[in-house]
Amino acid sequence: MKTVGYVRTIPSSSNNDNRNVAEETGVDEYTTDLTSALQSGDYIVSVLPSTPTTRGLLSNGALKAASTEKGGLCPVFINVGRGDVIDEKCLLEALDKKYISGAILDVFVEEPLPTNSGLWSRPDVIVSPHVSGLTQASDVPKVFLSNYQRYVENDRSTSELKFLVDWKKGY
């Protein structure tokens, strides 16, 4: 299986050897071209945060690029990121027009998904109850203590801390 990551900026390896990026991240190839990313896989997995640049990113016919008509593979769309990356109307259109062959959805613009949503009755859609990214309470003290130790050992610098929010990016 080949994995392609759609990103704003192509990442570099921690040791500046770009050949190691795939090994470090588990992603075989990165692209800043959304159309290319949508055309290259059997699955599209959205793990995007909700930011001004990602809201609606896959709405307004963007998934048409994934259709076989446009050179894509008619992939399955999986959304475990944020629901507002695509609105329900556009998702239903992409399914109806066979831009994508199915959808596995854990997040929606409106949560919980309304009972009258057309997504519930589709055989090509699987709906999960927004549980794809559970945090185990037992993990929180370990992460906190690990970060505290890093903070103290690095002269109160935050540069070595894990799971920091980048306020400029919005996540």
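This is a predicted model: local features need pLDDT of at least 70, side-chain atom pairs count only at pLDDT 80 or more; totals for chains, interfaces and linings use all residues.
Biologist: Why is V80 partly exposed?

Modeller: Buried means under 20% relative accessible area, exposed over 50%, and partly exposed in between (1.4 Å probe, protein chains only). V80 is partly exposed because its relative accessible area is 32%.

Biologist: In what order do the elements of the protein chain run?

Modeller: The protein chain has four helices and six strands. Its C-alpha trace spans about 55 × 40 × 30 Å along the principal axes. Residues are numbered from 1 along each chain as its sequence is written, and side-chain values use heavy atoms, without hydrogens or water. Starting at the N terminus, the order is β-α-β-α-β-β-α-β-β-α.

Biologist: Which element gives the largest share of the lining of the largest pocket?

Modeller: A pocket is an open set of points on a 1 Å grid where a 1.4 Å probe fits, with protein on both sides within 12 Å along at least five of seven lines; lining residues have an atom within 4 Å of a point. Here 39 residues line the largest pocket, with V4, G5, Y6, V7 and V45 nearest its centre. β1 (4-6), α1 (21-25), α2 (34-39) and β3 (43-46) each supply at least two. The largest share, four residues, comes from β3.
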